[in-house]
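Take a look at the chain below. This report picks out a few residues and says where each one sits.

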Amino acid sequence: MAIIVQHRTTGQRFVLLGTGYAQWLATTPGLFLGNLSPNRESGEKAVIAVADNEGNISWWEPELLQVIEVDGKRPVEVLGNVNLKA
């Protein structure tokens, strides 16, 4: 089943390959005690893997993409009258 997504601002279309969850942690020595009191920063971010028409893979933030087609049909055709806000 192919899922086609479109970039919200440029209109460029991609094939959705999958989703991921990126996490990062950075540690640097502290100002006064060095490694005894390190500064730590961390974060997390949801990402989506897509492929362009040449097969190049890239990762995008979900907010930048919109699903426009699922297996040749618009999302509304696939979902029909399903109430998703139950």
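## Reading the model

Helices and strands are DSSP runs, numbered from the N terminus. A helix needs at least four residues and a strand at least two. Keep in mind that this is a predicted model.

## Two loop residues

Start with Gly11. This residue belongs to the loop between strand S1 (3–7) and S2. Gly11 has a relative accessible area of 31%, so it is partly exposed.

Now move along the chain to Asp71. Its place is the loop between strand S5 (65–70) and helix H1 (75–79). Asp71 is exposed, because its relative accessibility is 51% and the exposed class begins over 50%. The backbone of Asp71 also stands out: its phi is positive, about 55°, although Asp71 is not a glycine. Most residues other than glycine have a negative phi.

How far apart are the C-alpha atoms of Gly11 and Asp71? They are separated by 19 Å. Along the chain, the two residues are 60 residues apart.

## The aromatic pair

The structure holds one aromatic pair. Its partners are Phe14 and Trp60. The ring centres lie 5.6 Å apart, and the planes make an angle of 45°.

Is Phe14 buried or exposed? Phe14 counts as buried, because its relative accessibility is 6% and the cut-off for buried is under 20%. Trp60 has 23% relative accessibility, so Trp60 counts as partly exposed.

## The salt bridge

Side chains of opposite charge can pair when their charged atoms come close. The count here comes to one salt bridge. Lys45 forms this bridge with Glu61. Their closest N and O atoms are 2.9 Å apart, and the rule asks for a distance within 4 Å.

The bridge links distant parts of the chain. Lys45 is in strand S3 (residues 34–51). Glu61 is in the loop between S4 and S5. The two residues are 16 residues apart.

Conventions: Residues are numbered from 1 along each chain as its sequence is written. This is a predicted model: local features need pLDDT of at least 70, side-chain atom pairs count only at pLDDT 80 or more; totals for chains, interfaces and linings use all residues. Side-chain values use heavy atoms; hydrogens and water are left out. Rings of Phe, Tyr and Trp (its six-membered ring) pair if their centres lie within 6.5 Å; planes under 30 degrees apart count as stacked, over 60 as edge-to-face and the rest as tilted. Buried means under 20% relative accessible area, exposed over 50%, partly exposed in between (1.4 Å probe, protein chains only). A salt bridge is a side-chain nitrogen of Lys or Arg within 4 Å of a carboxyl oxygen of Asp or Glu.
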